Structures are given as C-alpha cells and as structure tokens.
Amino acid sequence: MTAVNTVPKSQRALLSYSVEGLPHREEVLLKSLIRLLDHRTHQNWSWKAEQADLRVVGEQVALAAASPQPAVPTLTVAHADPQRGPFLALPLHTDALEVVLNRLGAMVVHARGLGLAMTEVPIGEHEEFRMLRWPPAAVLEAPIRLRLATLMSNRPASVLSLQQRSPATRQECADFLADLQRAGLLERAAPPGALVAASAPDSVFPDSRFPAPARDTVQPGLLARIRNRLGLLPSGPQ
C-alpha cells in the first residue's frame, strides 16, 4: 500500500495537466482519480484546458502527433502501449496513475529548476548520449534503471549499447534515455573524431588571420634561448 504524502499541500509544486482525445467516461474517471490521489502525489495537480505542464492524450491523438515533437511531456492513455513515450494502460488503476504522475511531475519540477524546456528530441538507437548528473529517484523507480544509470555514469551510451551491456530490453533502454532527456539530464556525445579534429592546428586556426607559427621560426628562437642561458652565444652581433 502506498504511503500517504506527508508534505503539506502548500509546499508541493503546482502542476497542471490537460486531456485530449480520451472518451468522455475515461476523462471524467481520470480527473476524479487525480483528485482522489492528491494526498499521495508529490506534486499538486490541477486540470487546465491548454498549455499545461503535462498532456494526457488518447491513442488516436498520440498516433497523429508523431511529428512535430511535443513541447511538454505527453502521457498516452490507451489499451495498447504505443511504444513511444510515457504510457498508462486502460482500464485505469490508481497505483499506476500515482507512479506515473510522481515520475513525470518530478521531471517537470527538475527541468524548471534548471531553466530547461521539456521539449523531446528523437533518440536514435545508435546515437550516443552522456548523462549530465545522477538522476532523481523518480527516474530510477525500477531496479533495472539503477543498472542503466550506473552504466551511463562511466561513459556515453546509446540505446543499443545499453541493451547489450544490461538485461534491459531495447524499449526499456529507450524509455530510460527519453526520461533522462525530459529531466534535462542528457546531452548528445561528441562524435569520436571531434576531439582529434579540434587538436589539429588547421582546425583550431582555420582563418588566415590566425596562422599557426612556422616550425622553422620557432625552433631557432628556442635554441637561441638555450644557448644564451648556457653562455654559448657570441657577444658580437650575428
């Protein structure tokens, strides 16, 4: 049984949610359950017609919104998992609703604190990402996610590399990276050749106004300083 939230309502973050594309009965039930869960959720949720912190959408809306990417996190409520973003199965259950509200709410609050927008960017399976800092507890609600976070704490990883290095499924790895992104904890890793290219003189000084010193002008100056320190330079003009 889930513990009652002991944080006073006045101290909890105020977040809003909108509902699109749900059957009338399911929409009414959803709003009722969120009100009933108010003493258990970590944030204070209220319904808003539009421009909310969280979009709750039905299956058809989720399918039609494949592009462009949403500017706020989107929770799909349907009978079948769309394999894209957060998902809540029908029929609705209070425990599952509580978990997903706490998880997404923590991400919104965390992103607010960092001054980040919750825009989602597509994540390719082969594309490598770096985890910026250790995730909050809301992102690590499953044991497998602790393993994934540990793997990413050492080096950048992609969906496929996480799957190969852990017992997680490909979808679990993709969902984990997506949640890190929504929380503002993910950045794309630089391509392997980027550091090498940056260290080359031509790439550091591509403009002719900043030419690299010529080798034959640097070397004599260095030898002259060494000779001077050792007292080997002639006293007369050269």
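In which sense do E4 and strand E5 pair, and over how many bridges? The model examined is a predicted one, in which local features need pLDDT of at least 70 and side-chain atom pairs count only at pLDDT 80 or more, while totals for chains, interfaces and linings use all residues. Residues are numbered from 1 along each chain as its sequence is written, and side-chain values use heavy atoms, with hydrogens and water left out.

E4 and strand E5 (residues 87-89) pair in the parallel sense over three bridges; two strands pair if DSSP finds at least two bridges between them. Helices (H or I, at least four residues) and strands (E, at least two) are DSSP runs, numbered from the N terminus. Ala78 has Ala89 in E5 as its bridge partner. Strand E3 (residues 54-57) is also joined to E4 by three bridges, and the two run parallel, with Val57 opposite Thr76 in E4.

Strand E4 (residues 74-78) is largely enclosed by the rest of the structure, because five of its five residues are buried (under 20% relative accessible area; exposed is over 50%, partly exposed in between; 1.4 Å probe, protein chains only). Thr74, Thr76 and Ala78 cover one side, and Leu75 and Val77 the other. In a regular strand the side chains alternate between the two faces of the sheet.

The structure holds eleven salt bridges, each a side-chain nitrogen of Lys or Arg within 4 Å of a carboxyl oxygen of Asp or Glu. One of them joins Asp95 and Arg40, with the closest N and O atoms 2.9 Å apart. This pair links distant parts of the chain, 55 residues apart. Asp95 is partly exposed, at 46% relative accessible area, whereas Arg40 is buried, at 14%.
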